[in-house]
Amino acid sequence: MNLYFSFRDKNLITIWEKVQNNIELSLEDGLTMFHSNDLIPLGKMAHWLQTEKSGDAVYFIVNQKIEPTNICVLSCKFCDFAVKKGSEEAYKHSIEEILQKLSPELLEVHITGGLHPDWPWNYYVDLIREIKKNYPQIDVKAWTAVEIDFFHKKFKKSIEDVLLELKEAGLRTLPGGGAEVFSERVRRLLFNQKIGEKRWLEIHKTAHQLGIRSNATLLYGHIETLEERVNHFIKLREAQKQTNGFLSFIPLAFQPGNTGIKVRDHFTSAIDDLKTIAISRLMLNNFDHIKAYWIMLTEQLASVALSFGADDMDGTVGGERIAHDAGAITPMTLAKDKLIKIISDAGKIPVERDINYNPVKLHSDKIIGKVSYLNTAPFFEHLEKGDYKIFSSPPRQLGKLFKKDNLTAGIISLMDFFEKEESYEMLDYGIVGNQKVKSVLLFSKYPIERLSQKTIAVTNETSTSSQLLRVIIEHRYNIDATYINENISAHADDLPNYDAFLTIGDDALRFRKLHLKDFIHQYDLAELWYEWKKLPFVFAIWVIKKSFPQDEKQRFNEMLKMAYENGMSNLNELGQYRGKRLGLNSDEIKDYFLKLNYKIGEKEKEAINTFRKLLKLELEHKSLR
Ligand code: SF4
């Protein structure tokens with residue numbers, strides 16, 4: 001695939017080649033983009049990359065911002081939210097007052113505020129604990145790195161202990177604030193009492209290691225240079241390589257208001273905002289999500305940003321005060337319906353999500369579910385999708401949406417299909433491992449026949465592969481093992497501390513390249529199945545809603561057939577971008593597609609029935625135990 005946009009600025013052409021080949025952009029590339037006036041191709045490149053990552057999805061969450069107090073011991077120059085104790089404008093909320101502001105439909109509260117000089121440690125822990133006790137469905141995103149560092153100093157606890165105690169009370173993620181811009185020069189001039197880059201990154205990496213994911217921000221449009229902005233992106237990209245713990249990046253346009261910064265007496269321009277969003281998308285190629293924070297950008301500009309690389313609108317964000325006090329011109333609360341309309345008008349799928357970007361509901365019709373792995377490229381790279389939209393996700397999450405009848409058609413994991421056969425009919429295509437699949441792998445410290453009584457970690461992205469593993473272990477090898485669901489990632493520094501682990505999809509392809517020291521045995525589940533049953537294994541199949549009109553179904557089938565045939569007749573180009581991101585060379589990518597089979601014929605149907613019978617046996621076996 002070599003997409004060509006019309007570039008007026010020829011300097012962008014080499015950057016576009018790098019983007020398509022997943023080559024990291026340099027400081028010079030970042031500056032070239034900021035200095036370029038060729039805005040539309042810049043947006044198109046960013047939009048292309050965003051679509052590669054999240055299909056047509058744009059996320060939002062039903063959330064509320066809480067600022068327990070505006071009293072702060074610091075006096076950052078860009079902040080006109082904070083006041084000193086005793087000020088007429090000072091306020092502080094008790095836990096009871098905060099609970100009264102919350103409501104059952106919320107899925108997230110976002111808590112940040114001033115660094116109060118007198119509050120005890122218990123206030124912070126109890127606040128989270130009480131929110132979880134009264135509203136168990138609400139996930140808590142709370143306290144920036146600046147606040148975590150403040151707790152560490154004030155309460156004489158290590159950063160680990162602060163984070164662990166908050167996690168134990170119910171904290172799920174950290175917001176990204178407090179990073180401002182990673183520049184010692186700017187820090188000294190604007191917030192010299194506040195933590196700098198080193199401490200901010202250290203706190204976020206510690207949180208990631210403790211299982212607390214986080215977000216990252218950039219405050220731009222004040223006294224920072226373009227070079228400082230680009231360096232900020234590069235430092236975040238490096239940190240993400242180490243922990244893979246950042247969920248999203250949020251560029252925050254500076255609101256001058258009544259702050260102490262009089263360098264510029266106007267808001268950032270729309271062009272600067274769009275460039276910053278697009279360039280952050282392109283520079284931060286290892287971040288999944290870029291947020292258009294509508295409360296600062298305005299609704300209008302945030303909606304344009306959805307075609308410039310952003311794939312998240314944040315949320316309903318009731319009660320925003322910090323931006324408002326500094327002069328943000330958007331209304332205090334955007335209703336959920338309005339967010340849905342903004343996203344729909346941009347031609348995207350409004351995806352209501354939870355704090356970890358798991359989809360809760362898709363607010364759109366005619367959606368095709370795409371498994372977000374390299375192995376589905378033959379269907380999607382040449383799909384002329386017409387008025388359909390694509391929602392891309394690992395199989396387990398797609399299965400949940402199929403269960404809610406939220407998808408019109410798409411690739412469903414075989415296990416999920418067994419549960420939804422009454423609503424969806426099988427089409428002629430699927431993802432089939434013939435004698436090998438290469439991307440459903442068990443890594444083990446012991447030979448498989450010696451896994452009896454051992455613990456196997458299973459990636460929480462799978463629905464079918466985990467069942468296939470159990471069937472093989474219990475019925476082919478006649479052994480019992482313990483299974484634990486885990487968030488297994490080839491990006492993280494630490495490997496799961498188990499006897500074996502099952503990984504699937506793109507992560508399995510990454511793990512194959514890692515040459516793991518302790519996990520010296522590697523098993524391809526399709527191969528184990530083939531040796532045993534002399535049959536292929538069907539991991540997933542294409543389905544369409546039974547209730548869909550007959551003529552639409554026929555058109556869909558033709559569209560799918562054409563996409564597949566085009567995909568397979570362009571094997572030399574197929575999946576190149578994604579494959580290279582996984583560390584595969586062109587031959588390895590081609591070989592991967594050739595090993596798989598994509599058609600459901602008689603043999604595949606026999607394999608599906610054989611597996612179904614074994615699952616039944618497995619269920620009976622369990623009920624006898
Ligand atoms: S930015 Fe945060 S730490 Fe700085 S003065 Fe404002 S509330 Fe306090």
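How far apart do the C-alpha centres of domain 2 and domain 3 lie? In this predicted model, the distance between these two C-alpha centres is 24 Å.

To set up the view, colour the chain by its domain assignment: domain 1 covers 56-361, domain 2 covers 364-432 + 538-602, and domain 3 covers 440-536.

Next, select the interface of domain 2 and domain 3. Here 19 residues of domain 2 are in contact with 18 residues of domain 3. The two domains bury about 1600 Å² between them, with 59% of that area on carbon and sulfur atoms. On the domain 2 side, show Arg396, Phe539 and Leu582, which supply 42% of the area that domain 2 buries against domain 3, more than any other three residues.

Now turn to the polar part of this interface. Twelve residue pairs are in polar contact across it, and the count of salt bridges between the two domains is two. Select lysine 513 and glutamate 588 as well: they form a salt bridge whose closest N and O atoms are 2.9 Å apart.

For the elements, display α17 (395-403), α18 (414-420), β21 (537-545) and α24 (586-595); each supplies at least two residues of the side of domain 2 that touches domain 3. The most come from α18, with three residues.

Move on to the largest nonpolar core, which has 115 residues. Trp143, Ile148, Trp200 and Leu236 have the most contacts inside this core. Helix α5 (residues 121-134) gives the largest share, seven residues. Centre on tryptophan 200, whose contacts include Ala145, Phe182, Ile195, Leu236 and Phe246.

Finally, select Leu509, Val538, Ile541 and Ala607, which are among the residues of a second, separate core of 90 residues.

Terms used:
Residues are numbered from 1 along each chain as its sequence is written. This is a predicted model: local features need pLDDT of at least 70, side-chain atom pairs count only at pLDDT 80 or more; totals for chains, interfaces and linings use all residues. Side-chain values use heavy atoms; hydrogens and water are left out. A nonpolar core is a set of buried Ala, Val, Leu, Ile, Met, Phe, Trp, Tyr and Cys residues joined through side-chain atoms within 4.5 Å. Buried means under 20% relative accessible area, exposed over 50%, partly exposed in between (1.4 Å probe, protein chains only). Helices (H or I, at least four residues) and strands (E, at least two) are DSSP runs, numbered from the N terminus. Contact means heavy atoms within 4.5 Å. Domain bounds come from an automatic or database domain assignment. Buried area is the accessible area (1.4 Å probe) that two parts lose on being put together, summed over both. A salt bridge is a side-chain nitrogen of Lys or Arg within 4 Å of a carboxyl oxygen of Asp or Glu. A polar contact is a pair of N or O atoms within 3.5 Å; within protein, one must be able to donate a hydrogen and the other to accept it, and residues adjacent in sequence count only if both atoms are side-chain atoms. Lists of a residue's contacts leave out its neighbours within four places in sequence.
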